[in-house]
There are 2 protein chains.
Amino acid sequence: MKEINVGLLGFGTVGSGVVRIFHRNCALIEKRLGATLKLAKIVDLDIERDRGVAVDSAILTTDAAQVVDNPDIDIVIELIGGYEPARELVLRALRNGKPVVTANKALLALHGEEIYTEAAANDVDILFEAAVGGGIPVITSIKENLSANKFSSALGILNGTCNYILTRMTDEGEEFADMLKEAQEKGFAEADPAFDVDGIDAAHKLAILISLCFGTKIDFEDIYIEGISHLSSVDISFAGQFGYKIKLLAIGKITGGAVEARVHPTMIPIAHPLADVDGVFNAVRLKGDFVGPVILTGKGAGMDATASAVVGDVISSARDLLAGSKMRTSPLGYRTEALEKLPVKAITDLWGPYYLRFLIVDRPGVLGRISTILGNHDISISSMIQMSRSFKDAAPVVLTTHEALEANIRSALYEIDLLEEVCHPSLFIRIENEME
Amino acid sequence: MKEINVGLLGFGTVGSGVVRIFHRNCALIEKRLGATLKLAKIVDLDIERDRGVAVDSAILTTDAAQVVDNPDIDIVIELIGGYEPARELVLRALRNGKPVVTANKALLALHGEEIYTEAAANDVDILFEAAVGGGIPVITSIKENLSANKFSSALGILNGTCNYILTRMTDEGEEFADMLKEAQEKGFAEADPAFDVDGIDAAHKLAILISLCFGTKIDFEDIYIEGISHLSSVDISFAGQFGYKIKLLAIGKITGGAVEARVHPTMIPIAHPLADVDGVFNAVRLKGDFVGPVILTGKGAGMDATASAVVGDVISSARDLLAGSKMRTSPLGYRTEALEKLPVKAITDLWGPYYLRFLIVDRPGVLGRISTILGNHDISISSMIQMSRSFKDAAPVVLTTHEALEANIRSALYEIDLLEEVCHPSLFIRIENEME
């Protein structure tokens with residue numbers, strides 16, 4: 001049986017998962033592929049540490065050239081993460097005519113164009129199913145099965161750490177800081193959690209999704225990003241009273257020829273298909289003009305689920321090699337020259353319903369003054385509750401609005417916060433009502 | 001730009017959807033594919049009827065040979081449905097070296113082996129994403145992205161008609177016959193609904209799923225099939241009191257080297273990921289050894305969603321043609337010679353929890369007699385409710401069991417139905433508790 005030699009760059013958590021798949025499902029993959037996938041080289045700075053998987057020490061090396069410049073290596077897996085040396089090694093492998101499989105969303109979100117161009121120039125695959133949604137088959141679905149559709153939106157719960165923390169805050173009524181600590185203790189959050197809880201990781205994934213769905217190049221800086229660390233359990237509880245859950249959503253939409261690209265805490269109706277995606281699960285809801293809504297759910301992170309997507313890509317690339325095709329599908333599912341550069345809508349131009357929370361000293365007339373300011377900014381109230389529970393020694397007033405312009409919401413809140421009865425900065429959360 | 005000529009067999013509902021996609025998304029598909037898909041011929045017995053889509057009459061013909069034997073046709077779409085002439089035309093197209101895209105689950109469930117063999121012999125694609133789950137990208141996910149996994153189970157809500165009827169029965173408390181009538185009036189059920197409500201259609205799809213997931217050939221007659229027409233709204237209501245919903249599930253599992261292949265009404269916990277898949281939506285939950293559970297949800301039927309999957313396959317096949325590869329992936333994702341023929345477990349060998357409903361005349365001692373018979377058959381009761389609501393002039397007693405052997409359930413119910421206090425045949429529904 002024909003052998004395909006795979007070289008692995010990066011023997012960390014996901015790398016160990018990949019090795020485990022090669023060991024455990026080797027015979028099964030042969031049955032499916034009609035060839036043997038052989039893990040021929042593993043590169044890591046540390047080739048001594050025990051990863052709990054048996055590896056022939058002869059294939060371990062600290063020298064990346066033994067993978068990226070080695071004529072015997074057919075397919076390269078990049079699991080180093082980060083920008084350098086990952087970027088340089090990926091480019092070198094592509095230049096050497098080797099297909100590359102990567103899970104590196106940060107790299108693709110910031111240097112995707114350079115990498116896709118190099119892959120196209122050398123007519124080889126660059127595959128990255130593991131970069132978005134871990135084990136969930138979302139990227140191939142967009143590029144292949146759903147490719148007859150014009151997409152209007154892609155909504156995702158794309159960060160397991162945030163989703164775990166928000167789920168625990170919702171279920172337990174606990175505060176962010178405590179649940180972050182718990183997540184760290186359980187290994188669901190990094191020691192430095194900023195990348196996750198500030199929404200950066202979800203935004204990297206959104207950048208990739210938007211290019212795939214809408215065929216547009218997007219500058220990472222054009223994505224609006226807001227994390228979850230400012231959320232309080234009272235807002236989660238108030239949201240529940242309005243019939244909503246709060247999720248960190250990555251949202252990509254096309255409206256009027258412009259792209260919406262934003263990551264922020266979002267209130268979605270409890271019956272929304274993403275509302276019950278809890279804990280470390282991820283999900284993506286795509287909407288195509290013919291297929292309608294499609295929801296894909298699964299484990300968005302973790303050694304095994306991510307390794308599943310990585311090895312799935314290796315099998316796919318091996319099939320291309322065996323069939324004599326090279327780059328069968330363009331990296332983003334569009335011919336490179338067909339990719340556009342659509343304008344990205346400013347967050348202040350967003351039009352939608354909002355949840356607003358004010359903390360006031362309850363004196364006669366204060367609600368009237370708040371309502372008047374909102375009205376002056378073309379914001380009409382959908383429902384309002386004055387909560388009996390006090391928060392930060394103040395009386396919370398929470399309301400939802402009808403559709404309004406975000407610039408107006410921000411101006412109104414600025415004015416309201418100047419009222420002397422308002423004791424703390426007011427807060428708003430965007431609401432996403434569309435269910436299908 | 002290179003042109004790829006597509007021939008369409010069958011200009012019915014889905015065929016019209018395909019034509020609509022070709023019209024509306026032609027430019028978009030060019031951007032993605034790098035070639036023009038051209039609908040060159042449409043074959044139907046009726047080429048006069050207005051389908052609400054504009055078609056050049058020159059491409060319409062009643063002669064299938066103009067597609068399957070025409071050297072100018074690059075890819076054939078079969079949407080005739082049923083067994084003949086679909087089978088013969090598909091085989092002829094494959095023999096002529098043309099890749100075939102079909103949505104015909106009945107044909108594949110019964111004649112799949114012959115068709116896959118012919119495709120392999122001619123080294124051309126046979127693609128059928130639309131055959132299972134309509135627009136949901138389930139087949140390609142199994143064959144490509146998730147192909148590093150050993151699957152242990154595939155659970156599906158695969159028939160939109162049944163799911164619509166059960167959802168309406170659940171929400172409205174109405175009976176099967178009335179909701180079937182409503183579904184027919186709304187166009188969600190055929191005039192002859194047997195194929196759907198008796199579970200045959202779901203079983204066709206399950207046969208395909210099982211082959212894809214477990215790499216085994218399966219005889220359609222080996223699938224246990226039970227429809228939904230015997231279900232009553234009282235059982236749906238009682239299920240709710242136990243914390244369950246009733247869905248028509250198609251279930252494929254591997255246990256101890258044997259395949260479970262069954263379609264039947266199933267009670268699943270209300271928090272189960274498939275419990276909220278309502279109305280005409282379909283969903284599949286796959287479980288792989290590395291990826292864990294993956295749930296794919298979307299529209300399982302209808303002109304547009306099904307056409308989305310068909311044209312997605314056409315694009316995929318066109319990519320293979322353009323890349324010079326022919327059959328890039330085997331029809332079932334396994335090399336033909338690697339397909340096994342695993343034994344199928346008899347339904348009486350099933351081991352699991354059950355819901356049992358007895359209709360009794362409430363006399364002293366009757367519950368004791370029922371419990372004794374159950375105990376004699378190694379069936380232990382998990383919870384029991386005697387319902388105050390009478391049904392068919394009798395007192396319903398409903399209970400759930402711990403895990404038991406189905407053969408024992410059947411024998412026990414046979415004995416219980418001989419008791420003079422039992423006024424109607426007892427009923428059982430299988431319970432599926434596993435959530436992840």
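**Close-up 1. Helices α5 and α10 of chain B pack against each other.** Helix α5 (residues 105-121) and helix α10 (residues 200-214) of chain B meet at an angle of about 55°, their axes 8 Å apart. Axes are lines fitted to C-alpha atoms, for helices over the stretch in contact; angles run from 0 to 180 degrees between N-to-C directions. Helices (H or I, at least four residues) and strands (E, at least two) are DSSP runs, numbered from the N terminus. This is a predicted model: local features need pLDDT of at least 70, side-chain atom pairs count only at pLDDT 80 or more, and totals for chains, interfaces and linings use all residues. Residues are numbered from 1 along each chain as its sequence is written, while chains are lettered from A and ligands numbered from 1 in the order in which they are written.

**Close-up 2. The open sheet of chain A has six strands.** Their order is β3-β2-β1-β4-β5-β6, with parallel pairing. Two strands pair if DSSP finds at least two bridges between them. β3 (60-61) and β6 (126-127) of chain A stand at the edges, each with a single partner strand, so one side of each lacks a neighbour in the sheet.

**Close-up 3. Strands β1 and β4 of chain A run parallel.** Four bridges join β1 (residues 3-9) to β4 (residues 75-78) in chain A. A:Gly7 stands opposite A:Val76 of β4(A). Helix α12 (residues 303-322) of chain A packs on the sheet, touching β1, β2, β4, β5 (100-102) and β6 of chain A. Contact means C-beta atoms, placed from the backbone, within 7 Å. The direction of α12(A) makes about 160° with that of β4(A).

Conventions. Two residues are in contact if their C-beta atoms, placed from the backbone, lie within 7 Å.
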